[in-house]
Amino acid sequence: MTAGGMMAAGGTPGGTAGGPAQGPGSSHLFPNYRRLPVAFVRGEGAWLYDAEGRAWLDCTSGIGVTVLGHAHPVVTEAIRRQAGQLLHCSNLYRIPQQEELARRLAARTGLDCAFFANSGAEANEAAIKLARRYWWLARRGAAEQAAGPAGETGEGPEIIAFEGSFHGRTLGALAATGQPHYHEGFHPLPGGFRHVPFNDLEAVAAAITPRTCAILVEPVQGEGGVVPAAPGFLAGLRELCDRHGLLLIADEVQTGCGRTGTFLAMQGEGVRPDVVTLAKALANGVPIGAMLAGGHLAEVLGPGTHASTFGGNPLAATAALATLDVLERENLPERAAGLGEYLRTRLAEVARRHPGCQGVRGRGLMLGLVLDGPAAPVVEACFAEGLLVTVAGGRVVRFLPPLTVTVEELDQAVERLERALARVSRATA
């Protein structure tokens, strides 16, 4: 048991935890987050601590970010060393750390070139722009005759995306997102997206038109409720893209960097996309996003077509390299596969014992406990039991523990979940 585990077992984390509650009049922040009443002051491995030393077992990893756990010594030392030398110098100049990161990611993914940004939404924006410009460059002559000048609203290229998907909060990524409630109040959104049912190849095939330039897919829909692609679905998308000359874009912002048991979730399905986006886990907490693409797309984004001021600066690239070092040295994707099966089995046992649970789904250490009602009360009860999890898709309790989590810690997570389910059951009896 870790020191954190011992402290949590003896403490009373939860609803009485310290830290400033955020409510009307108590903060100058926008109230766009529904924050729980705790302020963490430090983290260690899978544990987060408040100022009084109370501990929470973090099975969110900051929504999939701290893939190595909190304050990993290798990443911490790399950040400390780089911060003392050079934080930032602009992409107007060579950044050797970025070049090395691109080389390492190319070796891991089989793709050839990288663009670095600051987040998953930015990486997806880059992929959307790449796909549109690819279509424009490849077909502009015929397209202008058939559909008018490319780039005009409603007349340019289209990207097929999926109902239930989530690609980010910036306007382009939001328009690609297939959950209408995220769109409310933000219209007009950029056009050029067509949403079809997830895991329905016939619907995808029927939606393809001469304006279609790409298919954008999450191998596992995380925010949509931890819904994996059905067997053969991703391979079917690959076949459709090959047949129609479309780009297959894999949004691996949440599934990437080993979370599902392989470095890319697409690799676990034996499917090679043309474009991949990464972010959350890439630098274990230092903001960075990446768009990776095949070499045949390198010239689509020539000088001046796209940029990011901070993207892949020396600090972020160094943190990502240190994260990759640990991922590779400790075979963490393989570890995620094994521990994921263990957690799946334990959660399935919980589901059998509690009538309000319908089952478990997901890949690797990206799992969801599906409920027959709202997940928010269970997530809040987990918080009171010293366990951090999140809601996904309204009725799913999402588990995204660090890939360094121990079996003992997963057992603790399950025990706390069971106590939380019992709390909710008593409250609603």
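Reply: **Salt bridges and annotated sites**

The side chains of Glu 44 and Arg 42 form a salt bridge, with a distance of 3.7 Å from N to O; the term denotes a side-chain nitrogen of Lys or Arg within 4 Å of a carboxyl oxygen of Asp or Glu. The model is a predicted one, in which local features need pLDDT of at least 70 and side-chain atom pairs count only at pLDDT 80 or more, while totals for chains, interfaces and linings use all residues. Numbering runs from 1 along each chain as its sequence is written, and side-chain values use heavy atoms, with hydrogens and water left out.

Glu 44 is partly exposed at 44% relative accessible area, and Arg 42 is likewise partly exposed at 41%; buried means under 20%, exposed over 50%, and partly exposed in between (1.4 Å probe, protein chains only). By the salt-bridge rule the count comes to 21. Side chains of opposite charge can pair when their charged atoms come close.

A second pair consists of Arg 398 and Glu 223, whose side chains meet in a salt bridge of 3.2 Å, N to O. Arg 398 belongs to strand β17 (residues 396–399) and Glu 223 to the loop between β8 (220–221) and β9 (227–228), so the pair ties together parts that are 175 residues apart in sequence. Helices (H or I, at least four residues) and strands (E, at least two) are DSSP runs numbered from the N terminus. Both partners are buried, Glu 223 having a relative accessibility of 19%. Their side chains also make a polar contact of 3.2 Å, that is, a pair of N or O atoms within 3.5 Å, where within protein one must be able to donate a hydrogen and the other to accept it, and residues adjacent in sequence count only if both atoms are side-chain atoms. Leaving aside neighbours within four places in sequence, Glu 223 is in contact (heavy atoms within 4.5 Å) with Phe 166, Gln 179, Tyr 182, Ala 392, Gly 393 and Arg 398.

Arg 238 forms a salt bridge with Asp 242, the closest N and O atoms being 2.9 Å apart. The two are four residues apart in helix α8 (residues 233–244), and are therefore separated by about one helical turn. Arg 238 is buried at 14% relative accessible area, whereas Asp 242 is exposed at 52%. Elsewhere, salt bridges that share partners join Arg 104, Arg 108, Asp 325 and Glu 328 into one network.

An unreviewed UniProt entry places the feature "binding site" at Gly 120, Ala 121, Phe 166, Asp 251, Glu 252, Val 253, Gln 254 and Thr 309. These residues span 190 residues in sequence and their farthest two C-alpha atoms are 24.7 Å apart, so they do not all gather at one spot. Of this set, Thr 309 is included in the lining of the second largest pocket. On a 1 Å grid over the protein atoms alone, a pocket is an open set of points with protein on both sides within 12 Å along at least five of seven lines, and lining residues have an atom within 4 Å of a point. UniProt positions follow the numbering used here, feature names are shortened, and annotations may be inferred rather than shown by experiment.

Gln 254, in the loop between β10 (247–251) and α9 (265–268), is buried at 11% relative accessible area. Gly 120, in helix α5 (residues 120–147), is buried at 11% and touches Val 253 and Ala 279, residues up to four places away not being counted.

The UniProt annotation "binding site" (unreviewed entry) also covers Arg 169 and Ser 308, of which Ser 308 is taken into the lining of the second largest pocket. Arg 169, in the loop between β5 (158–162) and α6 (171–176), is exposed at 58%, and its contacts beyond four places in sequence are Ala 121, Leu 174 and Tyr 182. Ser 308, in the loop between β12 (289–293) and α10 (314–329), is buried at 9%. A polar contact of 3.4 Å joins its side chain to that of Asn 118.

Definitions and conventions. On a 1 Å grid over the protein atoms alone, a cavity is a set of points where a 1.4 Å probe fits but cannot get out, and a pocket is an open set with protein on both sides within 12 Å along at least five of seven lines; lining residues have an atom within 4 Å of a point.
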